[in-house]
Amino acid sequence: MPGRRSRRIRALAKINLSLRIVGARADGYHELQTVFQSIALHDTLVLRANDGPFALECGDPACPVDRRNLVWRAAERVWRAAGRRGSPRGFAIELTKRIPIEAGLGGGSSDAAAAVRLLGGWLGVGEEAQRDVAAALGADVPYFLEGGTALGLDRGDLLFPLLDEPKAWVALAVPGFGVSTKEAFSWWDQSSAARRSPKAGRGSHALMNDLEAPVARRHPVIGRLVRALKRAGAAHAAMSGSGSAVFGLFDDRPAAERAGRRLGRGVRVFITPTVGRKAYRRLTAIG
Ligand code: C5P
């Protein structure tokens, strides 16, 4: 166990600039072509040594602090990857949540990836084993080991770094409800889009989110927010991941702020810049 008693890391959120569903998989997952983009909005994790069984602490009552939390499962898996027996013990993680939950911003997955890196360093688990643990935790988790702009294929976990897009300012609109990722994909399965055979190449490079229509059908406010952001001058606006968050991209901060003010009541608004790969590495360094 290293001498230092505590370590800290940021867990940045993402948006999906595009999310195309290109097929079904035998394992029940969907084959994706998605473009991930890091944004500066982040949670914080602090790891510290303590006596007794592993404990997860979080001040947000909406955030589970048991096995339902991916950070908990990350701790179990890294513990086993380090060759330890039994349940994790001897450390605690304090999680400060800022990324809205069930919003399609990858908060749970980013927290998990951050926990894998923190604990991997603490318990002496190498980077390759950390990548295996991340892939086992969820389809989005491996992306958060890389960050920046990246193309995700297969389940979204076969990653190809892309050239960083020019920095943009993001107006994020988060309605007062969350959407379960599993449910969003099942709504897509029930939609007519699922019955059309994917036509290779046709429209597959357009920036759009195939989950948006089936989710907006159940939650019309999502469609309204996308339209409002476009009217406010967004260069691109769409739902992120499986929702419920909607984003608009703007050239500068004042334009994003102006758009945010026009979104109305009942919606939380975050104004945050995109983050390229180099800055992601710096911002997520363990301190
Ligand atoms: O991997 P993760 O636990 O984040 O995925 C949550 C759910 O989202 C999966 O159980 C699956 O139903 C759905 N999903 C999918 N295809 C993907 C990613 C997620 O069907 N590529």
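Some ground rules before I start. Residues are numbered from 1 along each chain as its sequence is written, and side-chain values use heavy atoms, with hydrogens and water left out. Because the model is predicted, local features need pLDDT of at least 70 and side-chain atom pairs count only at pLDDT 80 or more, while totals for chains, interfaces and linings use all residues.

Okay, the domains. The assignment gives domain 1 (7-163) and domain 2 (169-277); bounds like these come from an automatic or database domain assignment. Their centres, taken over C-alpha atoms, sit 22 Å apart. Domain 1 puts 30 residues into the contact and domain 2 puts in 36, where contact means heavy atoms within 4.5 Å.

How much area is buried between domain 1 and domain 2? About 2,600 Å², with carbon and sulfur atoms giving 59%. Buried area here is the accessible area (1.4 Å probe) that two parts lose on being put together, summed over both. On the domain 1 side, Arg20, Ile21 and Glu102 lose the most, together 23% of what that side buries.

Arg20 comes up again: its side chain meets that of Asp210 in a salt bridge, 3.1 Å from N to O. The rule (a side-chain nitrogen of Lys or Arg within 4 Å of a carboxyl oxygen of Asp or Glu) finds one salt bridge across this interface.

Which elements does domain 1 use here, giving two or more residues each? Strand 1 (6-24) and strand 2 (30-53), and the largest share, 10 residues, comes from strand 1. Strands are DSSP runs of E, at least two residues, and helices are runs of H or I, at least four, numbered from the N terminus.

Now back to Glu102, which lies in the loop between strand 4 (89-96) and helix 2 (107-123). Its phi is near 55°, a positive value in a residue other than glycine. Ser244 is in the loop between strand 8 (236-239) and strand 9 (246-250). Most residues other than glycine have a negative phi, and most peptide bonds are trans.

Last, the ligand. Its surroundings include Gly28, Leu32, Arg155 and Phe185, each with a heavy atom within 4 Å of it. A ligand oxygen is 2.6 Å from a side-chain N or O of His30, and for Tyr29 that distance is 2.8 Å. Ala139 uses a polar backbone atom, 2.9 Å from a ligand oxygen.

Notes. A polar contact is a pair of N or O atoms within 3.5 Å; within protein, one must be able to donate a hydrogen and the other to accept it, and residues adjacent in sequence count only if both atoms are side-chain atoms.
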